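Here is a short briefing for a first look at this structure. Take in the view below, then work through the topics in turn.

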Amino acid sequence: MLSDFQKQKITKMFCFFDADGNKVIEPEDMDIIAEEFRKSFGWQVGSEDDKKFKGALKKYWRRLTLGNEEAQDEPITLEVFLKAYERNLQNQQTYEEYVKPFLDHIYPAIDTNKDDMLQPSEFNHLYIGFRNSLQEAQAAFQKLDLNGDGVLSREEVYQHFYDFHFSQDANAPGNFFFGSL
Ligand SMILES: [Ca+2]
Ligand SMILES: [Ca+2]
Ligand SMILES: [Ca+2]
């Protein structure tokens, strides 16, 4: 069972995926999101990063919501989305099978200079891609950079992504992974 706090966070994510705000997630929403990321990162249309990101997004949102990358796309309501996350967040194993691959596959695209860390500029592009302002991105970076060394290591990013999904602590920085709640 998802806690109320988890439901609040998953609902936030639903609103992110429902890019056109019509209360269902459809394949068209993924096109809008991919375009927002392309612009935020400044990728050329059809460039390697653009294709990599778009491919990862389409593939893994099916796994996230339908449990199967090859599944036929169908409109996803908030109710269906929450149900999918009850399955996805049952335990460590379901998290690794359904949720973590999303980050595994977008990480190489968002780590623009390929040094396995997120510099502030890379993080800003990501966070703005999640439809937050530059100011919010800068504030979030300070919270997420746990050891204060000015970059987000892969470990920090994965820890926050995990905490976003599981933490019951309202003060956990990972709660802000996709923006303020
Ligand atoms: Ca939609
Ligand atoms: Ca980097
Ligand atoms: Ca750091």
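## Helix α2 against helix α3

In this predicted model, M30, I33, A34, F37, R38 and F41 in α2 meet D49, D50, F53, K54, L57, K58 and W61 in α3. By class, that contact holds eight nonpolar, no polar and five charged residues. Nonpolar here covers Ala, Val, Leu, Ile, Met, Phe, Trp, Tyr, Cys and Pro; charged covers Asp, Glu, Lys and Arg; the others, Gly among them, are polar. Two residues are in contact if their C-beta atoms, placed from the backbone, lie within 7 Å.

- Helix α2 spans residues 27-41 and helix α3 spans residues 48-66. Their axes lie 10 Å apart, at an angle of about 150°.
- Axes are lines fitted to C-alpha atoms, for helices over the stretch in contact, and angles run from 0 to 180 degrees between N-to-C directions.
- α2 and α3 are therefore roughly antiparallel to each other. The cut-offs are under 35 degrees for roughly parallel, over 145 for roughly antiparallel and 65 to 115 for roughly perpendicular, with the rest oblique.
- The crossing of α2 past α3 is right-handed.

**How the model is read**

- Residues are numbered from 1 along each chain as its sequence is written, and chains are lettered from A and ligands numbered from 1 in the order in which they are written.
- In this predicted model, local features need pLDDT of at least 70, side-chain atom pairs count only at pLDDT 80 or more, and totals for chains, interfaces and linings use all residues.

**The chain as a whole**

- The chain has eight helices and four strands. From the N terminus on, the order is α-β-α-α-β-α-α-β-α-α-β-α.
- Helices (H or I, at least four residues) and strands (E, at least two) are DSSP runs, numbered from the N terminus.
- Along its principal axes, the C-alpha trace spans about 40 × 40 × 30 Å.
- Buried residues make up 27% of the 181 residues. A residue is buried if 20 or more other C-beta atoms lie within 10 Å of its own, exposed if 12 or fewer, and partly exposed in between.
- Among contacts between residues at least 6 apart in sequence, 54% join residues at least 24 apart.

**Helix α3 against helix α5**

- α3 also packs against helix α5, residues 92-110. The angle is about 175° and the axes are 9 Å apart.
- This pair is therefore roughly antiparallel.
- From α3 come D49, K52, F53, A56, Y60, R63 and L64; they meet Y98, V99, P101, F102, H105, I106, P108 and A109 in α5. These residues divide into 11 nonpolar, one polar and three charged.

**Helix α2 against helix α6**

- α2 also meets helix α6, residues 120-129. Their axes come within 9 Å and cross at roughly 150°.
- α2 and α6 are therefore roughly antiparallel. Their crossing is right-handed.
- E36, F37, S40 and F41 in α2 meet H125, I128 and G129 in α6. The contact has three nonpolar, three polar and one charged residue.

**Two residues in helices**

- A34 lies in helix α2. A34 has 21 C-beta neighbours inside 10 Å, so A34 counts as buried.
- Not counting residues up to four places away in sequence, A34 touches F53, K54 and L57.
- K7 is found in helix α1, residues 4-17. K7 has 16 C-beta neighbours inside 10 Å, so K7 counts as partly exposed.
- Not counting residues up to four places away in sequence, K7 touches L2 and L82.

**Two loop residues with positive phi**

- Most residues other than glycine have a negative phi.
- K23 has a positive phi, near 75°. K23 sits in the loop between α1 and β1 (24-25). With 11 C-beta neighbours inside 10 Å, K23 counts as exposed.
- K114 has a positive phi, near 55°. K114 sits in the loop between α5 and β3 (117-118). With 7 C-beta neighbours inside 10 Å, K114 counts as exposed.

Definitions and conventions: A crossing is left-handed if the near helix is turned anticlockwise from the far one by less than a right angle, and right-handed if clockwise.
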